[in-house]
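My entries follow in the order in which I made them.

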Amino acid sequence: MKKYVMYSVLLILLTGLVLVAGCSRGGESIPPDTLRYALEQEPSTLDPAKSSTLPESTVELAVFEGLTRLNAKDVPEPAVAKSWTISPDGLTYTFYLRPEATWSDGKPVTAHDFEYAWKRALNPEVAANNAFMLYALKNGEAYNTEKAQADDVGVKAVDDHTLVVTLESPAPYFLGLTAFHAYYPVREDIVSKAPDTWATSAATLIGNGPFKLVKWQHSAELQFVKNENYWDAVAVKLKAMEWPISESQSTRLTLVEGGAADIMVEPPVADQERLTKLGLFKVAPSLGTYYYVFNVTAPPFDNPLVRKAFSMVIDRKVIVDTIVHGGKTPAYAFVPPGLTDESTGQDFRAEGGNLVAYNVAEAKKLLAEAGYGPNKPLPTVTILYNTNEMHKAIAEAVQAIWQNELGATVELQNQETKVFMANREEGHYQVARASWIGDYADPQTFLDVFYDSANDAQYHSEAYNALIDRIHNTTDVKLRNELMHEAERMIFDDTVVMPIYFTTTPYVARDTIGGYFWSSLGTIEFKHAFRK
């Protein structure tokens, strides 16, 4: 046994050395103008209309750019659009594009590229994951649901450098939306040549951002070079970036500590205290919620009483204090703190209060009321999660709680992220881990998650949809915030989600790099990054 353990340890050490050596190119020194980021997941696609994870968004932020770009305070600043005007009623935005904006192959970026990209994302035949993000456009939802034509959508290229956008209703957060990846431009000539694969290979991906993707070794590494054709290339200090890919937190940390990477996100909890003493551990704010989502059509979670019972037995504080750490806080609602109620100036979460409680006795009563007990045991429950040390630890804790407190038989199933996301979106699960980071700084970005029929929970509520429609269409700020509180309460009345904690972004960074920043929306910006 001892010999086997020693052999295993040796094998692990050798594997680590191979990883480090491979990423540092066999001991060859890394140029001073190169940055290495350990990416936490293989992108399924870099199509801005279809991507759905933060790692994908982070890659896209490096290679694409929208009309605006968020600064370190998450305020939208001019990007491809050098300026804009807004009509007095807040419905019409006229964007004036930079004539010097070009694609990485040197062709001009035009207003027509934006019009094409936005209408493509809304095209029902494309079935883009992010179509709902463009519902702010006049007739955007109508076109996506086949109730209008593409020409009816409120986006029009007047000429190569003028884009006129008409909204369905005033949206004070719209400029922030134009920095989101669903609003990036894409080229029709590039997409039409390979509609299904153009965004899955470095050879066919053409962007307009500060960097150009030149190599994509799937599930292994991404390589970038500075995009010399970028309109603001003078502000980009790095000449290249190398991003090794691993879903393992431990492997990514090994890469940083071994010198094969400069920065990584979500280090293992067990290492955080040690990393803090070394000055490597840092925490950035994040506007997000980690939660479990119930498939409301899958027994036993087709019964809201069962869903509520399973949620009420979770001691969120214990999970955060013993497993999660990283400055995160227990979540007793869905919309996180950090968003201001425009009508009162108060924090939206503080006003809304807690919407779920920890109450084991009440949970058992609800389960009995649902008809489950000694004579009718619960069916076996399977928790679905994507492969990751943290997700596994939380799933094991939830499994133990549900078994001990409710007498349920609970199994765990982990899957590679791409497969996991597909199964969750298609409803092939009972209960699954999930997280949502805001796409813009407004509670609506969280409430829209369960709008209409296209949501992972398979939640189809006409009452909820009608409430969200009122939120979308009202211009009364006070009423809008009241409706958003009502919508969040409805999610918990129906117990669609089981929140666990409000997120932060813990990361490890070597002090040899600077100029980067994390957005509270979850992406990391390297446009101004440099090696010290």
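**Entry: asparagine 130.** I looked up asparagine 130 and noted that its relative accessible area is 6%, so it is buried (buried means under 20% relative accessible area, exposed over 50%, and partly exposed in between, with a 1.4 Å probe and protein chains only). I placed asparagine 130 in the loop between helix 3 (111-122) and helix 4 (140-144), where helices (H or I, at least four residues) and strands (E, at least two) are DSSP runs numbered from the N terminus. Leaving out residues up to four places away in sequence, I found that asparagine 130 touches Pro48, Ala49, Lys50, Ser51, His181 and Ala182, contact meaning heavy atoms within 4.5 Å.

**Entry: conventions.** I am working with a predicted model, in which local features need pLDDT of at least 70 and side-chain atom pairs count only at pLDDT 80 or more, while totals for chains, interfaces and linings use all residues. Residues are numbered from 1 along each chain as its sequence is written, and side-chain values use heavy atoms, with hydrogens and water left out.

**Entry: backbone details.** I checked asparagine 139, which lies in the loop between helix 3 and helix 4, and noted a positive phi of about 65° although this residue is not a glycine. Asparagine 139 has 22% relative accessibility and therefore counts as partly exposed. Glutamate 146, in the loop between helix 4 and strand 6 (155-159), also is not a glycine and has a positive phi of about 60°; its relative accessible area is 67%, so I recorded glutamate 146 as exposed. I then looked at the peptide bond from proline 299 to proline 300, which is cis, with omega near 0°; proline 300 lies in the loop between strand 12 (281-294) and helix 9 (304-312).

**Entry: arginine 349.** Is arginine 349 buried or exposed? Its relative accessibility is 8%, so arginine 349 counts as buried, and I found its place in helix 11 (residues 348-352). Apart from neighbours within four places in sequence, arginine 349 is in contact with Ala333, Val335, Pro336, Pro337, Leu355, Glu488 and Phe502. I also noted that 32 Å separates the C-alpha atoms of arginine 349 and lysine 418, which are 69 residues apart along the chain.

**Entry: the two domains.** The domain assignment, whose bounds come from an automatic or database source, gives domain 1 (34-247 + 510-531) and domain 2 (285-506). I noted that the C-alpha centres of domain 1 and domain 2 lie 29 Å apart, and that the contact takes 23 residues from domain 1 and 27 residues from domain 2. The area buried between them is about 2,000 Å², with 56% given by carbon and sulfur atoms; buried area is the accessible area (1.4 Å probe) that two parts lose on being put together, summed over both. Tyr173, Glu247 and Leu521 supply 30% of the area that domain 1 buries against domain 2, more than any other three residues.

I counted zero salt bridges between domain 1 and domain 2, a salt bridge being a side-chain nitrogen of Lys or Arg within 4 Å of a carboxyl oxygen of Asp or Glu.
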